[in-house]
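Welcome! Take a moment to turn the structure around on your screen, and then read the points below alongside it.

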Amino acid sequence: MSRAFVKESDAETEGPLPQVNGPLHVSAATVAAWQEELVAADAEMAQLRGSDAPEDRQAMSSAKRRADLLRARLAAAVVVRPSGPAEEAGFGSVVVAEDETGRRWTFTLVGGEEADPAAGRISWQSPLGEALVGGRVGDVVDWPRRGKALSLTIRSVSPN
């Protein structure tokens, strides 16, 4: 059957689970959130268990898939706690930097699984994250961007 005739919601319950390549460096808050999601998925499966309704079977398959992925993430999770001097950027730090035009940028250095660049949450292992790690107030780092690097001056570093 052509994929054009399969409901979009079916795609999340078909095929192999995304591979979880560990270790996953994450914050304690992310581990707690994953544990809460797993409890919710397990509760949903318990509620749906035994139903033969097609929509319940679909929901059960989706909840099982979510639970399996969360279990894999939790098994691979390594909680990274901020270390080093508070004034030095590292995992979990919030870094405020300013470019040469005076525009201010705020970045939180997080694990790859937690990254959300649009929200300013960048992986500490990304090119920008690596440039910021170890930085202190007053340091200038290059942000490798498409086309041309942008110079950023670190204005503040604080724990998250």
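Which residues have the most contacts inside the largest nonpolar core? They are Phe107, Leu128, Leu132, Trp143 and Leu152, in a core of 15 residues. Here a nonpolar core is a set of buried Ala, Val, Leu, Ile, Met, Phe, Trp, Tyr and Cys residues joined through side-chain atoms within 4.5 Å. Buried means under 20% relative accessible area, exposed means over 50%, and partly exposed lies in between, with a 1.4 Å probe and protein chains only.

This is a predicted model, in which local features need pLDDT of at least 70 and side-chain atom pairs count only at pLDDT 80 or more, while totals for chains, interfaces and linings use all residues. Residues are numbered from 1 along each chain as its sequence is written, and side-chain values use heavy atoms, with hydrogens and water left out.

**The chain as a whole**
- The chain has 4 helices and 7 strands, and along the sequence they follow the pattern α-β-α-α-β-β-β-β-α-β-β.
- Helices (H or I, at least four residues) and strands (E, at least two) are DSSP runs, numbered from the N terminus.
- Of the 160 residues in the chain, 34% are buried.

- An open sheet of 5 strands has the order 5-4-3-7-6, with mixed pairing; two strands pair if DSSP finds at least two bridges between them.
- Strand 5 (121–123) and strand 6 stand at the edges with a single partner strand each, so one side of each is left without a neighbour in the sheet.
- As background, strands of a sheet pair through backbone hydrogen bonds, either parallel or antiparallel.
- Strand 3 (residues 93–99) and strand 7 run antiparallel and are joined by 7 bridges; Val96 has Ser156 in strand 7 as its bridge partner.
- Strand 7 (residues 150–159) also pairs with strand 6 in the antiparallel sense, over 4 bridges, and Val141 stands opposite Leu152 in strand 7.
- The hairpin of strand 6 and strand 7 has 6 residues between the strands, and Gly147 there takes a positive phi near 85°.

**The nonpolar cores**
- Back in the largest core, of 15 residues, two or more residues each come from strand 3, strand 4 (104–110), helix 4 (127–132), strand 6 and strand 7.
- Strand 7 gives the most to this core, with 4 residues.
- Apart from this core lies another, of 11 residues, among them Val26, Leu38, Met45 and Ala63.
- Leu132 touches Ala89, Val95, Phe107, Leu109, Ile122, Val141 and Ile154, not counting residues up to four places away in sequence; contact means heavy atoms within 4.5 Å.

- Helix 3 (residues 54–76) has 23 residues and reaches 33 Å from its first C-alpha to its last, close to the 33 Å expected at 1.5 Å a residue; the expected span is 1.5 Å times one less than the number of residues.
- The buried residues in helix 3 are Ser62, Ala63, Arg65, Ala67, Leu69, Leu70 and Ala76, and what covers them includes strand 1 (24–26), helix 2 (28–48) and strand 2 (77–79).
- Glu37 has its place in helix 2 and counts as partly exposed because its relative accessibility is 41%.
- The C-alpha atoms of Glu37 and Leu70 are separated by 7.7 Å, although the two are 33 residues apart along the chain.
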